[in-house]
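Subject: Model for your files

Hello,

Here is the structure I said I would pass on. My notes follow it.

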Amino acid sequence: MRLQHGTVALVVALALIAGCGANTPDTASNTPQAVPTTPAATPVPAAAEPLTAEQVLANLTAAKLGLTKGAVQDEDTDPNDLLGRPNGYLSRASADLSGGDPEADKFGIDRGLVVEVFAAAADADRRSEYIQTALKSAPILGTEYHYRADSRRVLVRVSGKVKPTAAKKIEAAVSAM
């Protein structure tokens, strides 16, 4: 019963509001009024598929930056166990780079360079911030250069052991992608 009274009150209120208008004379009552139209909604294009780590590694190798032993990781060789997992990356690759430690763990950042590709820039941002925060809080772990490509979905990590001049060349190659 209460619902019916509320509905009736709402209908009466809407009718009163609709009846309220400016008291101006209607000088063009016989003239058709233009009805404003809105353009049809334009569909938002889907974001292009991100580059793969393999493609990024191929581009960097083609730039003749001194990369060797380039390898694409899969879920069995990913040292971080983030490949294809929630909040992880879509693809990963690594390579040795002069200045890196060729005796370090296979596929690890200490060997020189790692490429991680994420579905969204925010995911790559989170990963980069996590790594940089950990390295700053424990300087004994070393340092890394981080460069971004492909609408910031690609994170290219370079070991801090690599000379700054070599890292600048990587940065230039990444920014050209």
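The fold contains an open sheet of five strands, ordered 1-2-3-5-4 and paired in the antiparallel sense. Strand 1 (68-73) and strand 4 (144-149) are the edge strands; each has a single partner strand, so one side of each is left without a neighbour in the sheet. From one strand to the next the twist averages 15°. Strands (E, at least two residues) and helices (H or I, at least four) are DSSP runs numbered from the N terminus, and two strands pair if DSSP finds at least two bridges between them.

This is a predicted model, in which local features need pLDDT of at least 70 and side-chain atom pairs count only at pLDDT 80 or more, while totals for chains, interfaces and linings use all residues. Residues are numbered from 1 along each chain as its sequence is written, and side-chain values use heavy atoms, with hydrogens and water left out.

Six bridges join strand 2 (residues 91-96) to strand 3 (residues 112-117), again antiparallel. In this pairing, A95 stands opposite L113 in strand 3.

Helix 3 (residues 121-137) lies across strand 3, strand 4 and strand 5 (154-159), at about 170° to strand 4. Helix 4 (residues 164-175) also packs on the sheet and touches strand 3, strand 4 and strand 5; its direction makes about 15° with that of strand 4. Contact means heavy atoms within 4.5 Å. Axes are lines fitted to C-alpha atoms, for helices over the stretch in contact, and angles run from 0 to 180 degrees between N-to-C directions.

On confidence, the mean pLDDT (the predictor's confidence in each residue, from 0 to 100) of the protein is 81, and 73% of its residues reach 70 or more. Confidence is lowest in helix 1 (residues 2-19), with a mean of 41, and highest in strand 5, at 97. Residues 1-39 have pLDDT below 50, and this stretch has one contact in the model beyond near neighbours in sequence. Where pLDDT is low, the predicted coordinates should not be read in detail.

Regards
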